[in-house]
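Biologist: I am new to reading models like this one. Please show me the structure, and then let me question the words you use.

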Amino acid sequence: MTTATEPSKGSFRLSMLLYDTRYRSTTIQVVALLGFMLAAAWLINNVIENLAASGKTFDYRFLWEPAGYDINQRLIEYNSQSTHARAAVVGLLNTLLVAAMGCVTATVIGVFLGILRLSRNWIVSRLAAVYVEAFRNVPVLLWIVLVMAIAIEFFPAPRDFKGENPAATMKFFDMVAITNRGVYLPRPQFANGFGDVVLFGGAWSLNLNVVAVLAVLIASFWISGRIRRWADRVQEETGDRPATWHMRLAVIVLPTAVLLWALGFHFQYPVLKGFGFKGGIHMRNSLLALWLALSLYTGAFIAENVRAGIMAISKGQTEAAAALGLRPGKIMRLVILPQALRVIVPPLISQYLNLTKNSSLAIAVGYMDITGTLGGITLNQTGREMETLLLLMLCYLIISLSISAVMNYYNEKTKLKER
Amino acid sequence: MKKTILLGALTVAGLAAGTAAAATLDDVKARGKLNCGVSTGLVGFAAPDASGEWAGYDVAICRAVAAAVLADPTAVEFVPTTGKTRFTALASGEVDMLARNTTWTFTRDVDLKFEFVGINYYDGQGFMVPKSLGVTSAKDLDGATVCIQTGTTTELNLADFFRSNNMSYEPVPIETNAEAQQQYLAGACDTLTTDASGLAATRAAFENPGDHVVLPEIISKEPLGPLVRHGDQQWGDIVRWTLNALITAEELGITSANIDELAKGTNNPEINRLLGTEGDLGGMFGLDKQWAYRAIKAGGNFGEIFEKNIGENTPLGLSRGLNALWTEGGLIYSPPFR
């Protein structure tokens, strides 16, 4: 058959933009783009007009002025004379701290409960189901406030530790104090060592002892990995696996222990002094409440992801593994979970993002995250809503995109390799 | 194509013009209600009573303004604001005025573009501690855990006070007064700091107020007063002179009991001018002659409002002190009505 309806070229009419299917989709796209640009232009123009109307300027110079307020939890050096920018960084580090702690515990809780929910033991699986449904279906803000309220009302105040016959005592051989101001843990310290190195003209300092210990630990684990691969090789060649646990344990423990001893490693214990406990690591109950609530809440979602991932693996896999003589624990660890990870990881990314973004509820318990410092006190004291909020959004955007990038890389590694 | 862009630009310009601020007085009159920003609940200053009606020292200012402008002291929509949200609420036009324990400072006046219309309470930042702590001076608070309301001048004063006295402290930032109370009573912080009047109000709400003391040191000047947006002078004048009318009423002895009597006309020209039987002061800023009469009648004069809400016979038990009239050794002073 010949093509009878060859369109005549060179006779382009304006109406063809709408009625000719060759051009219509382009027309629609151009119109949509114009509409979008107009909407954006209107929003930006509105902002400029209103800033001008209220006599406000748009600049970030305030970031270099002294902040004037104090922050209780500081991972880097900060005092009330530091700049607003530094206060923002202190808040950012606090956000990252609680997000990192939350992601780790939420994953552990999620994997554990997801597996428990599939247990053949009726009570265990029901209990896991109750947990998941309870935490998933109540707003996380309520969990945060509840944990905080429990921490404040249930645990003893520092003054209860005082006197001849105190109402409360320290736990774990007088090493840990649990109070309604938080938990005081022993602080690792070095009697001698390399001291601190100052970076960027005093803006940052780094403890060389910690760096040294971390370096030795990483090296030890690397050697331990080499030993494992050597054992794998021997097993493949001879069928017998040499016992390596004592070598690997020694490689990991001994160098670090020797280094710690040489650096004069010891613990500084919290002691009751003045109004409360001094010394040790103070984990404030705001951090504890936020961390616990976020982990428990997000853990419930991750548990469902894990359950879905495991259920996506065909039952034949379990049966085949059992036929090969593997025990249930090993089946889960060696056969099911590695395959299930491919299903679990993509939704896991969004759970990590959720947890990080939910950490901005910190202000409910007075945890000074970046929303509390930059988007809270700095905003309020300088009155620069536009600038601080835009900067705040940018920070969360960068954090979220970084998490996505890392997890996507991990997903690439674990996903099914199709050749 | 050119036409589309031109039309779009026109649309943008048209929409943007609609957002420019109109006169607040006209807005309030058209709405029939005054939107007044108050605190989220501070007994004596602004808190809903048992029947859900807002009452208090700051609330009375809102009611007086509503009575002056709308002839109805109940035509007020109270918008509870926290230390953090109050300025955004005012700047964005969500509220017409703010009567909320707000300290008059240079940056708020100049940089944040607000207009403080006067001072209705001369305050200062203090500390409250449980008696059992055995602390008698703020200088003994080295190392203490301090509960503060975030987003206020208090956290800046606190940082300055501890720094200048070479003391350390652990700040516990808190969003609202109710949470501060909870943490303080549970012993999660050693001391609670805010304006001394706020401490008295908080203490009055305790089960055993006698177990807590307010330390003698006052570490800052906190002149509190109502404020409006910068740029609408007419509205600013109305709020300013409503406050002044209440103060002048106390000075001239006009009370809610005798105001009807005095409004019939007296031989004191200043009372006559204030209550509208002589001249037309109200007409100068777009109100009627009776505006001040209604404002005073709404809750009484300045002294009556003080005594009724936070005075010595209330649970707060605050004495007039600096907040007495200038004729009685205080700082409360109104420019003359003429």
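**Domains, helices and sheets**

Modeller: The C-alpha centres of domain 1 and domain 2 of chain B lie 29 Å apart. This is a predicted model: local features need pLDDT of at least 70, side-chain atom pairs count only at pLDDT 80 or more, and totals for chains, interfaces and linings use all residues. Residues are numbered from 1 along each chain as its sequence is written, while chains are lettered from A and ligands numbered from 1 in the order in which they are written.

Biologist: What makes these the domains of chain B?

Modeller: The bounds come from an automatic or database domain assignment. For chain B it gives domain 1 as 24–122 + 224–328 and domain 2 as 125–220. Chain A is divided too: domain 1 is 50–177 + 283–419, and domain 2 is 187–268. In chain A the C-alpha centres of the two domains lie 28 Å apart.

Biologist: How many residues of domain 1 of chain B are in contact with domain 2 of chain B?

Modeller: 18 residues of domain 1 are in contact with 16 residues of domain 2. Contact means that the C-beta atoms, placed from the backbone, lie within 7 Å. On the domain 1 side, the residues divide into 8 nonpolar, 9 polar and 1 charged. Nonpolar covers Ala, Val, Leu, Ile, Met, Phe, Trp, Tyr, Cys and Pro; charged covers Asp, Glu, Lys and Arg; polar covers the others, Gly among them.

Biologist: How many residues of chain B are in contact with chain A?

Modeller: 36 residues of chain B are in contact with 36 residues of chain A. On the chain B side, α1(B) gives the most, with 6 residues. That side divides into 17 nonpolar, 11 polar and 8 charged residues.

Biologist: Which residues of α9(A) and α10(A) meet?

Modeller: A:Q317, A:T318, A:A321 and A:A322 in α9(A) meet A:I331, A:V335, A:I336 and A:Q339 in α10(A). By class, the contact has 5 nonpolar, 3 polar and no charged residues.

Biologist: Is the crossing of α3(B) and α13(B) left-handed or right-handed?

Modeller: Right-handed. The word applies if the near helix is turned clockwise from the far one by less than a right angle; anticlockwise is left-handed. Helix α3 (residues 57–70) and helix α13 (residues 291–299) of chain B pack at about 145°, with their axes 7 Å apart. Residues making the contact include B:A60 and B:A64 of α3(B), and B:W291 and B:A295 of α13(B). The contact divides into 8 nonpolar, 1 polar and 3 charged residues.

Biologist: Which strands form the open sheet with mixed pairing in chain B?

Modeller: 5 strands form that sheet, in the order β10-β9-β11-β8-β12. β10 and β12 (212–214) of chain B stand at the edges, each with a single partner strand, so one side of each lacks a neighbour in the sheet. The twist averages 30° from one strand to the next.

Biologist: How do you know that β9(B) and β10(B) pair, and how many bridges join them?

Modeller: Two strands pair if DSSP finds at least two bridges between them. Here 6 bridges join β9(B) to β10(B), which run parallel. So they pass the test. B:V146 stands opposite B:P171 in β10(B). α6(B) packs on this sheet, and its direction makes about 155° with that of β9(B). Helix α8 (residues 196–204) of chain B lies across β8, β11 and β12, running at about 125° to β11(B).

Biologist: Which strands of chain A form an open sheet with antiparallel pairing?

Modeller: 3 strands do, in the order β1-β2-β9. β1 (177–179) and β9 (281–284) of chain A are the edge strands, each with a single partner. β1(A) is joined by 3 bridges to strand β2 (residues 182–185) of chain A. In β2(A), A:Y184 is the bridge partner of A:A177. Helix α8 (residues 285–311) of chain A packs on the sheet, touching β2 and β9.

Key
Two residues are in contact if their C-beta atoms, placed from the backbone, lie within 7 Å. Helices (H or I, at least four residues) and strands (E, at least two) are DSSP runs, numbered from the N terminus. Axes are lines fitted to C-alpha atoms, for helices over the stretch in contact, and angles run from 0 to 180 degrees between N-to-C directions.
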